[in-house]
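Please consult the sequence and structure shown here alongside the points below.

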Amino acid sequence: RIHAPSAADCAATQLDLPPHQQQQQQQQEVVASQPLLLTVQQVRQLLQQLCTMLPRAAAQTLSNIAWALTVLQQCHGWCMCGCLPEVRQLAVSFASHLSEALPGHVQRMVRCVTQLSAACSSHAEQAWLEWQAPVLQAMLQHLTANRKMLKLYHVSSVLKDVVQLGFLHLPA
């Protein structure tokens, strides 16, 4: 069982968020300082159940799930390699149904993929990276096609994450 770090340890996730999401993040940090309600295995079981419902899930729902995974991983320092098949399904499904996705939805999905990849890159190497190129390409094309809806924080966050993923793809 892993215990949550202090709120200061989770502050890095706030840097690329709009003000209303920073407030939500601060509220999540208060919750994160409490004892764990779920283990990594329980999160994986929930993801497995979700994957059976992916064809019916809206972009916002998938984005919210990705953001929850991001927060859980960041605040608890979890290795999410055990959830890789489900995270991959989540991201691929999201990228396949982008018509209703807003820039914030894409931003959260890109952040999830980036953060989980970076957290596990030292031991999982290519497992997190090999499937990402077409998924990210679809999401970036969607953002480009909808650039009138983009805000500066969307662009800066996605750009930072894509650059980080790019460095993970470089040979060691």
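**Packing of H3 and H4**

The axes of H3 and H4 lie 10 Å apart, and the two helices pack at an angle of about 145°; axes are lines fitted to C-alpha atoms over the stretch in contact, and angles run from 0 to 180 degrees between N-to-C directions. The model is predicted: local features need pLDDT of at least 70 and side-chain atom pairs count only at pLDDT 80 or more, while totals for chains, interfaces and linings use all residues. Residues are numbered from 1 along each chain as its sequence is written, and side-chain values use heavy atoms, without hydrogens and water.

- Ala-59, Leu-62, Ser-63, Ile-65, Ala-66 and Leu-69 of H3 meet Val-87, Leu-90, Ser-93 and Phe-94 of H4 (contact: heavy atoms within 4.5 Å).
- By class, this contact of H3 with H4 comprises eight nonpolar, two polar and no charged residues.

**Helix H4**

- H4 covers residues 84-96 (helices are DSSP runs of H or I, at least four residues, numbered from the N terminus).

**Nonpolar core**

- Phe-94, Trp-128 and Met-139 touch the most other members of the largest nonpolar core, which has 38 residues (buried Ala, Val, Leu, Ile, Met, Phe, Trp, Tyr and Cys joined through side-chain atoms within 4.5 Å).
- H5 gives the most to this core, with eight residues.

Definitions and conventions:
Expected span 1.5 Å × (residues − 1). Buried < 20%, exposed > 50% of the residue type's maximum accessible area, 1.4 Å probe, protein only. Nonpolar A, V, L, I, M, F, W, Y, C, P; charged D, E, K, R; others polar.
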